[in-house]
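I opened this model with a notebook beside me and looked things up one at a time. Here are my entries, in the order I made them.

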Amino acid sequence: MKIIYAIVSSDDGTRVTDVLNEHQFSVTRLATTGGFLKKGNVTLMIGTEAEKVDDAIHLIKDTCGKRQKITCSVPAPNISSVSAGYMMMPMTVELGGATIFVIDVERYEKI
Ligand code: 2BA
């Protein structure tokens, strides 16, 4: 038996929990905060047999792996139209990703 801790972005938390549940993984979702950025994220706790760990990690990677999105930044109200035009240029931002820990479970009981 293993326990997987997967820290994902808050935006991906619900989707990845649903996908894992659809594949018969039990998940506990914790609302957590990154120590560096002090921004909310989600930590998933998934208890599973050792041979299913890779399947769970593949599902997490497929659902919330790093990806890119093209977006336009919104100019601040006090910026001139010339600067604003420049700031409205599309830019590529990176989203998603997961930090995963896999830990041995010494004892597992449901009472
Ligand atoms: P990531 O490395 O993708 O980490 C995303 C979040 O995953 C972290 O949020 C933290 O909640 C968790 N995490 C990552 N590695 C961990 C570990 N070894 N142990 C426990 N939890 C871990 P934040 O702490 O807010 O970090 C957000 C992003 O800021 C990180 O993205 C990384 O790119 C950067 N970062 C974190 N610590 C840094 C540092 N000391 N110096 C420079 N950049 C840092």
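**Entry: a pair in α1.** I looked up Asp12 and found it in a salt bridge with Arg15, the closest N and O atoms being 3.2 Å apart. My cut-off for a salt bridge is a side-chain nitrogen of Lys or Arg within 4 Å of a carboxyl oxygen of Asp or Glu. Both residues sit in helix α1, 3 residues apart, about one turn of the helix. Helices (H or I, at least four residues) and strands (E, at least two) are DSSP runs that I number from the N terminus. A reminder to myself: an α-helix has 3.6 residues a turn, so residues three or four places apart point the same way.

Is Asp12 buried or exposed? Asp12 counts as buried, at 1% relative accessibility, while Arg15 is partly exposed at 42%. I use buried for under 20% relative accessible area, exposed for over 50% and partly exposed in between (1.4 Å probe, protein chains only).

**Entry: ground rules.** The model is predicted, so I note that local features need pLDDT of at least 70 and side-chain atom pairs count only at pLDDT 80 or more, whereas totals for chains, interfaces and linings use all residues. Residues are numbered from 1 along each chain as its sequence is written, and side-chain values use heavy atoms, with hydrogens and water left out.

**Entry: other salt bridges.** I found 5 salt bridges in the structure. One of them pairs the side chains of Lys2 and Asp104 at 2.4 Å, N to O. Lys2 belongs to strand β1 and Asp104 to strand β6 (residues 98–104), so this bridge ties together parts that are 102 residues apart in sequence. Lys2 is partly exposed with a relative accessible area of 22%, and Asp104 is exposed at 58%.

Another salt bridge joins the side chains of Lys52 and Glu49 at 3.3 Å, N to O. Lys52 is partly exposed at 37% relative accessibility, and Glu49 is partly exposed at 36%. I also saw that salt bridges with shared partners link Asp12, Arg15 and Arg67 into one network.

**Entry: the rest of α1.** Which residues of α1 are buried? They are Asp12, Gly13, Val16, Thr17, Val19 and Leu20. The buried residues of this helix pack against β1, β2 (27–33), β3, α2 and β4 (67–72). Just after α1, Gln24 has a positive phi of about 65°.

**Entry: the core.** The largest nonpolar core has 16 residues, and Val8, Val16, Leu20, Phe25, Leu44, Ile46 and Ile60 have the most contacts inside it. By such a core I mean a set of buried Ala, Val, Leu, Ile, Met, Phe, Trp, Tyr and Cys residues joined through side-chain atoms within 4.5 Å. At least two residues of this core come from each of β1 (2–9), α1 (10–22), β3 (40–48) and α2 (53–64). With 5 residues, α2 gives the most.

I then took Phe25 by itself. Leaving aside neighbours within four places in sequence, Phe25 is in contact (heavy atoms within 4.5 Å) with Leu20, Ile46, Thr48, Lys52, Asp55, Ala56 and Leu59.

**Entry: Thr43.** Thr43 is found in strand β3 and is buried, with a relative accessible area of 9%. Its side chain makes a polar contact of 2.9 Å with the side chain of Thr32. A polar contact is a pair of N or O atoms within 3.5 Å; within protein, one must be able to donate a hydrogen and the other to accept it, and residues adjacent in sequence count only if both atoms are side-chain atoms. Not counting residues up to four places away in sequence, Thr43 touches Tyr5, Ala6, Ile7, Thr28, Arg29, Leu30 and Thr32.

**Entry: the ligand.** What surrounds the ligand? I listed Ile7, Gly34, Gly35, Phe36, Leu37, Asn41, Thr99 and Phe101 (a heavy atom within 4 Å). A backbone N or O atom of Gly35 lies 3.2 Å from a ligand oxygen atom, and one of Leu37 lies 2.8 Å from an oxygen atom of the ligand. For Asn41, a polar side-chain atom lies 3.0 Å from a ligand oxygen.

**Entry: the whole chain.** The protein chain has 3 helices and 6 strands, in the order β-α-β-β-α-β-α-β-β from the N terminus on. Of its 111 residues, 25% count as buried.
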